[in-house]
Amino acid sequence: MTNLQLVFPEIFLSLSIMFLLILGVFKKDSSKIIQNLSLAVLLITAVITFNETIGINEVKLFNNSIIIDYLSSLMKIVTLLATFLVLIISSNYLRTFKIFKIEYPILILSSVLGMMIMINSNDLIVFYMGLELQSLALYVLATFNRDQIKSSEAGLKYFVLSALSSGLLLYGCSLIYGFTGSTNFNVIANQLGSSEYAITFGIVFILVGLAFKISAVPFHMWAPDVYEGSPTSVTLFFTMVPKVAALSVFIRFLYVPFLDLIDQWQMILVFLSIASMLFGAIAAIGQTNLKRLVAYSSIGHVGYALAGVATGTNEGMQSSVIYIIIYILMNLGLFSCLLMMKRENQYYEKIDDLSGLSKNHPMLALSLMVILFSLAGIPPLAGFFAKFYVFKSVIEQSMYFLAIVGLLSTVVAAFYYLRLIKIMYFDKEKEKYDTDHGFWLKFSLTFSTLLILFYFIFPSQLIEVVSRINII
Amino acid sequence: MNFPILSSLILLPTVGAFFLFFTKGNKKNNFTVKYVALFTSFVNFLLSIYLWILFDQSTSDFQFVEQRVWIKDFINYKVGVDGISILFILLTTFITPLCILSVNNSIKERLSEFLIAVLIMESFMIGVFCSLDLVIFYLFFEAGLIPMFLIIGIWGGARRVYSAFKFFLYTLLGSVLMLVAIITIYWLTGTTDVIELYSLGIETKYQNLLWLAFFSSFAVKTPMWPVHTWLPDAHVEAPTAGSVLLAAILLKMAGYGFIRFSLGLFPAASEVFTPLIYTLSVIAIIFTSFIALMQEDMKKLIAYSSVAHMGYVTLGIFTIQQQGIEGSIIQMISHGLVSAALFLCVGVVYDRMHSRLIDTYGGIVSIIPKYSVLFMLFTLAALGLPGTSGFVGEFLILMGAFKDNFLVAVVASVGVIIGAAYMLWLYKRVIFGKLINNDLKKMIDLNRSESIILTSLAIPTLFFGFYPDPLINTIEVSISDLIETYNFRLASKM
């Protein structure tokens with residue numbers, strides 16, 4: 001019985017998804033109800049997760065294939081809350097495009113379910129199942145605005161490339177299984193000694209698959225197109241939530257079975273990290289579409305998060321988790337601004353559309369400026385602390401090259417963030433945008449901006465929450 | 001002392017900015033907005049004077065220290081002042097109200113936002129000068145970029161975007177290496193507390209790289225040749241009040257950093273790199289003085305003269321002589337007053353004629369006599385005429401330099417002559433000569449607020465020129481202690 005109690009959040013979520021699906025089919029015009037119920041489901045799941053599992057030290061279930069510990073509980077709660085915020089601010093956008101349908105929240109819920117399974121996994125097969133569940137839901141979400149060619153193209157691109165990477169990942173899993181005789185992380189860890197080099201191949205393939213999911217360079221090619229083509233609310237989801245799950249799998253996969261092989265994978269991660277940071281910074285400079293720009297900036301930010309993982313220490317991993325949490329917050333604010341740039345039922349997403357925003361909408365421009373400075377990592381905003389913790393752990397491992405390249409790429413990245421600020425503040429104003437945004441959109445913008453702005457007053461709280469993660 | 005006077009100094013301007021944030025609006029409010037800002041900064045000035053009165057000059061210990069846990073087991077919020085930092089705080093709180101007073105004519109739109117930026121800037125700068133933790137220092141040091149970027153970018157001249165970007169990216173690039181160094185120091189010693197680090201010391205073998213990392217940040221900020229090129233651009237495009245803040249206070253953060261961190265934490269490395277600093281300083285003094293001689297834009301000329309003056313400052317600091325460092329600090333204070341005044345002087349004629357080119361002017365001595373007198377005074381102070389504060393600083397620096405290295409001192413002294421040449425020539429071309437441009441005849445002399453600003457800058461310039469004792473007494477003990485520790489560390493190879 002205790003076993004089931006611990007996976008109760010997942011069970012509750014899957015039952016709710018089925019129930020909502022049936023409700024949606026039988027009741028006409030029920031998209032609003034489904035939306036609200038989904039929000040409730042997300043919150044309830046988060047609360048259950050918090051109540052049932054947060055205090056638990058480490059429990060393995062179902063023949064050790066699922067692990068419940070502090071890392072998984074924390075990441076699941078972050079995922080659920082982030083999804084809640086995404087859902088709550090996307091309804092206006094969906095209504096404008098007349099795609100406010102029952103499938104949207106249900107697909108999001110199923111992908112969240114997949115992510116929760118990924119986060120829980122202590123076994124390659126369970127991990128792969130979760131990954132596919134979330135990916136399949138995401139493919140459909142990318143094409144959600146199916147009357148638009150760009151959206152369909154995005155979905156198709158995502159599907160083809162993602163399937164390829166899943167194939168590589170699966171091949172890696174099979175290699176590891178072949179050489180260790182098990183798919184369980186703990187058994188693998190015990191079987192390492194004999195065939196280290198063969199296993200390295202497996203690790204490389206799996207890392208390729210994971211790097212693809214988290215959009216790290218050089219497996220990032222899908223990200224800009226998909227981010228640009230998908231509906232903005234889906235892009236918001238893409239940039240935030242799957243990264244949390246992928247990062248926690250990264251951590252679990254590298255730290256539990258393969259920590260002894262750190263010499264083998266550390267170089268790969270350092271490369272992924274440096275390449276992402278530099279490429280994200282440089283490629284974003286030439287962009288004219290805001291969503292594309294966000295795609296490149298998110299590639300860069302993934303690089304910083306991976307830098308923490310690359311250290312192979314508890315501290316580094318914790319700093320990555322802090323980074324991703326703060327990054328989610330900043331992205332939420334950024335996209336809230338994007339969703340506010342609406343005029344007569346049309347959304348504007350070119351960089352030039354920001355022009356002179358500070359004259360027409362001073363508060364919106366101010367919030368966006370705070371968020372952008374924070375993304376650039378300028379103190380005393382939250383984004384600086386995120387980078388600070390990561391580089392602190394990196395330097396403690398004497399990985400100076402990574403630290404210096406990372407910090408220099410923040411300077412390059414600062415350029416394009418500054419360019420946005422310049423356009424908002426220094427350029428001539430254009431027509432005004434609508435101001436009748438829903439309560440939740442305003443709420444999420446205010447909420448994220450204030451947290452970013454005043455994070456420096458209470459920086460230890462987040463650290464305390466995260467420092468309880470301990471998986472080595 | 002339970003009253004947290006330093007935190008109040010840091011916070012007060014921000015609180016004022018917060019009020020301004022809610023009082024912005026129509027044209028009518030501009031009046032209120034300005035007086036709220038002025039009031040805040042003036043109260044802050046009085047508070048800092050009070051701080052100076054309470055300050056105990058007989059000890060080199062940090063005073064008014066406040067400590068609070070900020071990030072558990074890692075960083076404490078710790079502030080305090082000693083003889084070295086207190087003068088910079090005074091300078092900041094003194095210049096800011098004058099800046100706010102000067103916006104009358106130059107800032108036409110978005111006044112309340114401008115004042116918010118200035119006040120927040122003040123908070124950050126005071127924070128820089130009194131933080132006693134490396135991370136806190138870095139936080140304030142970097143955070144100052146945001147308001148300054150906006151000040152240049154929003155209210156600047158024609159090429160403001162280019163200048164704002166150049167300013168921001170140059171400084172950021174210099175600073176990130178300092179961040180690496182700070183984290184490394186934490187990793188080596190387990191603390192970022194400056195007082196603790198002073199007593200612990202840092203192993204010699206690490207010092208050189210750490211020193212260079214700090215240097216990269218301070219050199220850009222100072223600015224030293226050859227990374228000075230952002231300064232003329234930033235100055236020329238910034239609005240008058242922005243130039244004043246930049247020249248009077250922002251540049252001093254680096255000089256302060258050199259004394260507090262480069263000398264205090266890395267004595268062995270400072271000894272190694274002294275020739276480098278000497279070379280760069282001397283090049284800055286001679287080379288930029290010649291460049292200044294060639295300028296046609298008044299603001300650019302003063303900007304280059306700032307680079308030259310800061311060359312004296314870095315030279316003085318690294319003589320590691322009592323006179324040299326004292327001279328550097330006094331030179332920084334004096335330059336803070338004089339360059340602020342000179343930029344304001346340029347601002348005065350610019351507001352009337354909308355030209356900064358020297359060619360535009362000439363022969364205005366009979367039209368605006370009051371202005372000409374004050375401009376004369378500051379010109380002379382800038383070239384270091386005895387009786388002005390500029391002389392005291394320059395003289396002490398050269399004295400220190402002669403004790404340490406004769407050749408460098410001789411070359412630096414030559415710089416004084418070129419300095420006199422470009423300043424006097426500027427004055428001659430602007431004020432004297434034939435009145436050719438007929439538009440100039442319509443110019444009106446200083447109005448009330450301009451007179452108040454320039455006079456209040458002239459008084460300390462003259463006062464400290466004749467009687468620099470209050471300044472020297474304040475810094476003396478701290479500096480002799482600093483040098484003593486420095487030499488002790490050097491002798492014991494720490």
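Tutor: Two residues are in contact if their C-beta atoms, placed from the backbone, lie within 7 Å. This is a predicted model: local features need pLDDT of at least 70, side-chain atom pairs count only at pLDDT 80 or more, and totals for chains, interfaces and linings use all residues. Residues are numbered from 1 along each chain as its sequence is written; chains are lettered from A and ligands numbered from 1 in the order in which they are written.

Student: Which residues of H11(B) meet H14(B)?

Tutor: Those in H11(B) include Thr240(B), Ala247(B) and Ile259(B). Their partners in H14(B) include Ile325(B), Gly336(B) and Gly347(B). Helices here are DSSP runs (H or I, at least four residues), numbered from the N terminus.

Student: What makes H11(B) roughly antiparallel to H14(B)?

Tutor: Their axes, lines fitted to C-alpha atoms over the stretch in contact, come within 8 Å and cross at roughly 170°. Angles over 145 degrees count as roughly antiparallel. So H11(B) is roughly antiparallel to H14(B).

Student: Why is chain B called as compact as a globular protein of its length?

Tutor: Compare two values. The radius of gyration, taken over C-alpha atoms, is 22 Å for chain B.

Student: How much of chain B is buried?

Tutor: Buried residues (20 or more other C-beta atoms within 10 Å of their own) make up 59% of the 494 residues in chain B.

Student: How many residues does each chain bring to the contact of A with B?

Tutor: Chain A brings 23 residues and chain B brings 24. H18(A) gives the most to the side of chain A, with twelve.

Conventions
The radius of gyration is taken over C-alpha atoms; the globule rule is 2.2 Å times the number of residues to the power 0.38. A residue is buried if 20 or more other C-beta atoms lie within 10 Å of its own, exposed if 12 or fewer, and partly exposed in between; C-beta atoms are placed from the backbone. Helices (H or I, at least four residues) and strands (E, at least two) are DSSP runs, numbered from the N terminus. Axes are lines fitted to C-alpha atoms, for helices over the stretch in contact, and angles run from 0 to 180 degrees between N-to-C directions. Angles under 35 degrees count as roughly parallel, over 145 as roughly antiparallel, 65 to 115 as roughly perpendicular and the rest as oblique.
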